[in-house]
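Below are my notes on the model, point by point. Please read them with the structure open.

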Amino acid sequence: MLDQTIDLSNLTTKLTVFMTEENSKRVQLHLRLFKNLLLKYAILRSETKTILDDIHVLLTDDKWLELEVLAEQLNKDDDILFRRCLFHFAKCMESSVIRPSAVTVIDTDIDLLHWYRANYQFGCELNTAITCWNETSTLANSTKRAIAQKALHCLNVLCQKESSVLDALLDDGLLWFESVTRYRAVFKQYPIQDKNKILESALLGVLQAYRPLEFVSISITINHKTIDVTDLAEIEPSIVGQLKQLADSPKFKGEKEHDVTSVTQRFIANVTSIRKVFDAYPDILNGTGLDSFKDSEFSLLKKARKLLRKEQFSELLLFLEEHFEHEVYRHDYVANLLPFYFEKQNKFRLIDYAEIAENHPAIMVEIVNIHQSEIDLLPEKNYSMETLHTRFSKLKRLVINYVLPNYKSELVQFGFSCLSMNDNYIQKAIFQQLQSNVKSNVISLRTGTSFTETIRWLMAITGQPVVEAYKISFKRYQRHARRLKIEDLYSDDELKELVFYIEKGIRESDSEQQLLALYFARIQVKSCWNTSPMSDIELSDISDVALPTSRKSITLLIQKPRKGYDIDTYSLDGRTVNSVMRDIVFVRDNLTNAYRDLGNDDVKKYLFIFKDKTNVYRLDAGNIIAHIKTILNRLGCTVAYNSMRIRKNGANHLYREVAKQMRAYEAVKLHTFDTFIQHYQRVSEAQTQQTLHTAVDVMQRYFTGREIDPEIRVLMVDDGTTQKTPTGECTSNGNDAEAKQYQKEHRHLSDKESDMWCSDFLACVWCKHFRTVADPEHVWQLLSYRDYVLADMSASVSDIDNNDFQQDAIKALHQRVDEILKQVSQKNPTAVNKGQELMEQNGMHPFWAFAITSVNKNVGDII
């Protein structure tokens with residue numbers, strides 16, 4: 001019977017007009033489904049009479065929306081089916097139609113049905129708000145759509161978290177938020193999971209588009225990006241002007257060669273960090289905006305360091321420095337750092353005393369007082385800031401490693417005055433321990449000495465007596481230090497490779513900073529000046545000298561801290577180190593001249609300066625060597641650059657030779673160092689000749705009254721016409737000057753039969769009568785002399801003072817044997833190898849048995 005009371009003929013007739021071949025079957029299907037729903041639900045039969053009479057009502061008033069809201073009373077599947085039927089009826093009449101419960105943003109329909117069903121008026125208001133956002137926002141389409149979706153998601157999350165918020169919104173609508181301040185307070189009271197407040201900002205943006213007068217926002221613009229700072233303005237009104245000023249500064253407008261996109265993102269990130277800090281510590285703020293960070297000894301900045309991530313805090317620090325227009329030093333916001341200001345470098349070096357301060361605050365108070373006193377009185381002292389920094393560094397290690405472990409109670413109770421108590425008991429004990437550690441190689445001699453000097457300094461400035469006990473002697477180690485220093489120098493081959501890659505880098509470099517570093521290396525390799533004095537060269541230290549000739553000359557002043565800050569004067573006259581002069585003048589007049597005036601007065605006076613974007617800095621002696629090493633390594637150099645390993649007299653002669661060959665070697669950029677060295681001519685042997693001259697001088701003083709001959713004479717065969725000696729062959733005929741000198745020195749051991757011969761076999765290698773033969777037997781004799789006799793002599797030299805001359809003589813003899821063996825290998829390469837085999841198999845040559853009687857000839861090498 002019900003089937004007879006429901007008449008869809010009128011609805012069908014009116015829809016038939018709009019049916020097409022494409023939608024006919026779909027519409028007829030939904031007419032049958034619609035009829036079944038009307039038969040099933042009485043409420044639908046009563047509420048759909050108007051559309052059964054005139055289907056056009058569905059498109060002209062709110063009936064469609066009312067029916068969608070009404071469908072909530074159906075079961076879930078029927079709810080969906082009923083709304084689908086309405087949609088297909090409407091779409092049949094108008095193809096572009098959308099559901100009235102949805103709002104369109106750009107090309108996306110966002111469903112609001114659950115808000116309509118919660119409260120019809122609130123749903124309408126929300127629809128209006130989203131529509132206003134869509135029509136007024138100037139953001140990109142994708143961003144506009146995303147913000148609308150995030151705003152609705154934010155509203156859902158907030159209402160699900162707190163039901164009272166939902167009730168208030170349904171009663172009062174979106175204006176329940178009242179203002180931006182009230183809005184922020186709601187989210188602060190009911191926080192949601194929203195990293196970086198993205199959802200919160202999205203909803204606020206929609207509200208401001210809907211009701212701009214109620215939700216007034218304060219924003220700043222940086223490079224066409226708008227940042228909402230309304231919340232910051234409410235907390236700290238003065239910050240708005242400060243941020244606007246920074247946004248318009250040259251750095252953040254990209255006028256200092258910064259990437260505009262990058263600085264804009266960093267600016268926005270800094271605003272977020274500031275908001276986070278201000279929200280966390282509102283009680284510290286005092287109305288000065290960004291200046292609040294440095295008030296009360298940077299208390300807010302110290303808290304920000306704990307609150308923010310490391311990279312966030314680093315960016316904030318740079319941001320604040322831009323606002324303050326001066327650097328914020330690390331010791332300003334990190335506790336227990338002792339600062340030492342180096343005027344020439346215009347920078348602080350810091351020593352961290354946190355370990356002592358945290359465990360023993362009373363000791364730290366005394367150290368801080370000593371530090372302040374020393375800084376204040378430094379102009380009256382006879383040492384520099386470098387020395388003071390070193391002493392406080394050593395003091396820290398002394399306290400931690402030597403005083404606290406054994407004398408903690410005394411130090412805590414009496415402070416550093418405990419060092420002189422009980423007849424200087426603690427002071428003596430520490431001196432004794434330092435001496436013992438040096439002797440047992442627990443610490444180095446240099447470390448032990450510096451620790452001792454630090455204690456003496458501490459006793460002096462605290463007015464306590466210094467005990468002259470348990471001294472550490474430097475003299476017995478001096479020759480070892482000299483030997484290590486000599487062995488640690490670059491060889492000529494290593495210097496050639498360094499020179500090659502320095503020149504290669506200068507030719508290929510397109511970076512001014514790299515070019516400056518390479519010129520620094522070039523000058524240093526040639527002159528062997530230390531890094532620190534070189535970086536301290538000022539323009540006023542360079543004087544052009546007028547000469548009668550056309551040749552140019554300059555005078556250069558270099559102050560050397562290791563020489564008591566004495567000033568050395570170098571006259572670069574174009575003859576001895578002409579290329580060094582040219583390099584210095586090139587750096588001054590060409591490389592740095594263009595941007596020198598951009599630097600401040602403290603920077604532009606130095607020779608070595610560089611430009612980074614729009615700022616000019618002086619070369620830092622602390623990292624220039626590492627920078628040069630990195631550049632050369634990237635170019636392919638296998639020798640690590642180390643200024644301490646360059647020969648004392650420099651390598652200017654070698655540099656000139658290599659550079660001259662490189663100019664002739666046209667394809668230098670296309671080949672490696674190995675290829676270049678194949679075409680490289682022999683370098684000057686000035687260094688070898690200098691070494692030889694030194695050795696001859698030593699031997700002339702050691703073997704007084706005998707002629708020293710630097711020439712080396714090697715025979716190819718032993719013809720039996722010469723005298724046999726343990727070292728080789730002797731061409732003397734007897735009764736010569738050498739024999740007379742030997743008899744004079746050994747007359748109490750001689751007899752008349754031997755008076756005509758010299759028997760000083762240790763001096764043979766420097767004698768004009770000495771000959772050796774290029775065969776294995778004679779090589780064995782020389783190796784035995786070098787590795788047994790000279791080694792035994794070296795080991796027998798006592799450790800007393802003033803024995804350096806003995807070691808120099810032994811060294812000269814050792815070098816002489818090496819030179820003789822080198823000459824032998826050139827004439828007969830196999831002789832040296834076979835001689836070494838004889839040495840390994842038989843030990844010392846029998847001819848030398850008289851010299852070392854304790855060594856059996858079959859015993860192996862004692863070295």
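1. Which residue in β15 is the bridge partner of Glu729? The partner is Arg771. This is a predicted model, in which local features need pLDDT of at least 70 and side-chain atom pairs count only at pLDDT 80 or more, while totals for chains, interfaces and linings use all residues. Residues are numbered from 1 along each chain as its sequence is written, and side-chain values use heavy atoms, with hydrogens and water left out.

2. The strands named in point 1 belong to a sheet. Strand β14 (residues 729-730) and strand β15 (residues 770-773) run antiparallel and are joined by 2 bridges. Two strands pair if DSSP finds at least two bridges between them; helices (H or I, at least four residues) and strands (E, at least two) are DSSP runs numbered from the N terminus. The open sheet has 4 strands in the order β12-β15-β14-β13, and its pairing is mixed. β12 (714-715) and β13 (723-724) are at the edges with a single partner strand each, so one side of each has no neighbour in the sheet.

3. A hairpin is formed by β1 and β2, with 2 residues between them. Strand β1 (residues 102-105) pairs with strand β2 (residues 108-111) in the antiparallel sense over 4 bridges. Thr104 has Asp109 in β2 as its bridge partner. In the turn, Ile106 has a positive phi of about 60 degrees. For reference, most residues other than glycine have a negative phi.

4. β10 and β11 make another hairpin, with 2 residues between the strands, and here Lys613 takes a positive phi near 60 degrees. Strand β10 (residues 609-612) runs antiparallel to β11 and is joined to it by 4 bridges. Ile609 stands opposite Arg618 in β11. Strand β11 (residues 615-618) has Val616 and Arg618 on its covered face, and Asn615 and Tyr617 on its uncovered face.

5. His224 is not a glycine, yet its phi is positive, near 70 degrees. His224 is placed in the loop between β3 (219-222) and β4 (225-228). With a relative accessible area of 79%, His224 is exposed; buried means under 20% relative accessible area, exposed over 50%, and partly exposed in between (1.4 Å probe, protein chains only).

6. Asp423 is found in helix α24 and, although not a glycine, has a positive phi of about 55 degrees. At 56% relative accessibility, Asp423 counts as exposed. Tyr425 also lies in helix α24 (residues 421-439), and Tyr425 is exposed, with a relative accessible area of 51%. Tyr425 and Val467 are 42 residues apart in sequence and 9.7 Å apart in space, C-alpha to C-alpha.

7. How many aromatic pairs does a search of the whole structure find? The search finds 22. Phe34 and Phe89 form one of them, edge-to-face, at 5.4 Å centre to centre with 85 degrees between the planes. Rings of Phe, Tyr and Trp (its six-membered ring) pair if their centres lie within 6.5 Å, and planes under 30 degrees apart count as stacked, over 60 as edge-to-face and the rest as tilted. The pair links distant parts of the chain, with Phe34 in helix α3 (residues 24-40) and Phe89 in helix α8 (residues 76-93), 55 residues apart. Phe34 counts as buried at 0% relative accessibility, and Phe89 is buried with a relative accessible area of 0%.

8. Phe177 and Tyr183 form an edge-to-face aromatic pair, 5.2 Å centre to centre with 70 degrees between the planes. Both Phe177 and Tyr183 are buried. Ring pairs link Trp176, Phe177, Tyr183 and Phe187 into a cluster.

9. Two arginines have the charged end over a ring. That of Arg349 sits over the ring of Phe342, 4.2 Å from its centre, and that of Arg391 sits over the ring of Tyr383, 4.6 Å from its centre. The criterion is NZ of Lys or CZ of Arg within 6 Å of the ring centre and within 35 degrees of the ring normal.
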